[in-house]
Amino acid sequence: MRSNCFFSSMQDVHHGNGTQEVFYSDPNVLYISLHRYDNGNFFPGSGAPNEVGTGPGEGFNVNVAWTGGLDPPMGDAEYLAAFRTVVMPIAQEFSPDVVLVSAGFDAADGHPPPLGGYKVSAKCFGFLTRQLMRLAGGRLVLALEGGHDLTAICDASEACVAALLGKEDTLPDEVLQQRPNVNGISSLETVLQVQSQYWKSVVRFISTVGYSFIEAQKHDKEEADTVTALASLSVGVQPGVIVEKRSAPGLQVS
């Protein structure tokens, strides 16, 4: 029996068009790409949200296609929101046996606009890596695919390796409290609208896509507390109350 594989391109600011093409009709491989898209005007121009796979692979191709250019650039808040609302819910629902990551790192802060211009911090890459380690029993492979700024590559690679080694490095509070920008929210809403046709797990996040990481955590806790409280309510008979069983007309109950 073939194993299910989750292939992610989370660090490369360019769409993984080659990987998408290879697995476009394969239901055993879930491919998720986070990339600068700008309505097809950023190289290589592919990776639209409605590119979802074909045939038996329909629904197993997910493009988080950022649109809006660099006004402002996407950064930690947007990538945290993407993982919270799209990447992790879909990946958990898919339940992969192994996770493979194209680690390109040119979405990292330090790359000039022609090379992407995004502002994802090294710490954020480490944080996202720790989230992916919760999948597939921790069977996670990161393949270094390059980048263009040596310092950014080194810092991001170090953060990811540290995460793989089990070292904790929390993000600053100001990052966790920051909401994604308007263009990021709009991009994610488009992705959620498309992917909600295939993955039930993302539907509940449509209303909270604009939350910060902290706000989302608080919302999830309140939601869980509400469910627990409702579950604890008893609809049984109270102690000391006698219920008389009555017969329906023409029917004898013994």
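User: What is the make-up of residues 12-164, and how far apart are the end C-alpha atoms?

Analyst: This stretch is 34% helix and 16% strand, and its end C-alpha atoms lie 19 Å apart; helices (H or I, at least four residues) and strands (E, at least two) are DSSP runs, numbered from the N terminus. The model is predicted, so local features need pLDDT of at least 70 and side-chain atom pairs pLDDT 80 or more, while totals for chains, interfaces and linings use all residues. Residues are numbered from 1 along each chain as its sequence is written, and side-chain values use heavy atoms, without hydrogens and water.

User: What does UniProt place at residues 12-164?

Analyst: The unreviewed UniProt entry puts the feature "domain: Histone deacetylase" there. Its positions follow the numbering used here, its feature names are shortened, and annotations may be inferred rather than shown by experiment.

User: Why is H3 called roughly parallel to H4?

Analyst: Helix H3 (residues 122-132) and helix H4 (residues 150-164) pack at about 30 degrees, with their axes 8 Å apart. Angles under 35 degrees count as roughly parallel, so H3 is roughly parallel to H4. The crossing of these two helices is right-handed, meaning that the near helix is turned clockwise from the far one.

User: What makes a space a cavity or a pocket?

Analyst: On a 1 Å grid over the protein atoms alone, a 1.4 Å probe fits in a cavity but cannot get out, while a pocket is an open set with protein on both sides within 12 Å along at least five of seven lines. The whole structure has one cavity of 30 Å³ or more, and the largest cavity holds about 40 Å³.

User: Which residues line the largest cavity?

Analyst: Its lining (residues with an atom within 4 Å of a point) is Ala77, Leu80, Ala81, Arg84, Gln178, Tyr211, Ser212 and Phe213. Helix H2 (residues 76-94) gives the most, with four residues.

User: And what is known about the largest pocket?

Analyst: The largest pocket has a volume of about 360 Å³. Among the 15 residues lining it, Arg84, Met88, Gln131, Arg134 and Phe213 are closest to its centre. H2, H3 and helix H7 (213-232) each give two or more residues to this lining, and H2 gives the most, with six.

User: Where is Ser95, and what is its phi?

Analyst: Ser95 lies in the loop between H2 and strand E4 (98-103). Its phi is near 55 degrees, a positive value in a residue other than glycine. Most residues other than glycine have a negative phi.

Technical notes. Points joined across faces, edges and corners; volume = space filled by probe spheres on them. Axes fitted to C-alpha atoms, helices over the stretch in contact; angles between N-to-C directions. Parallel < 35°, antiparallel > 145°, perpendicular 65-115°, else oblique.
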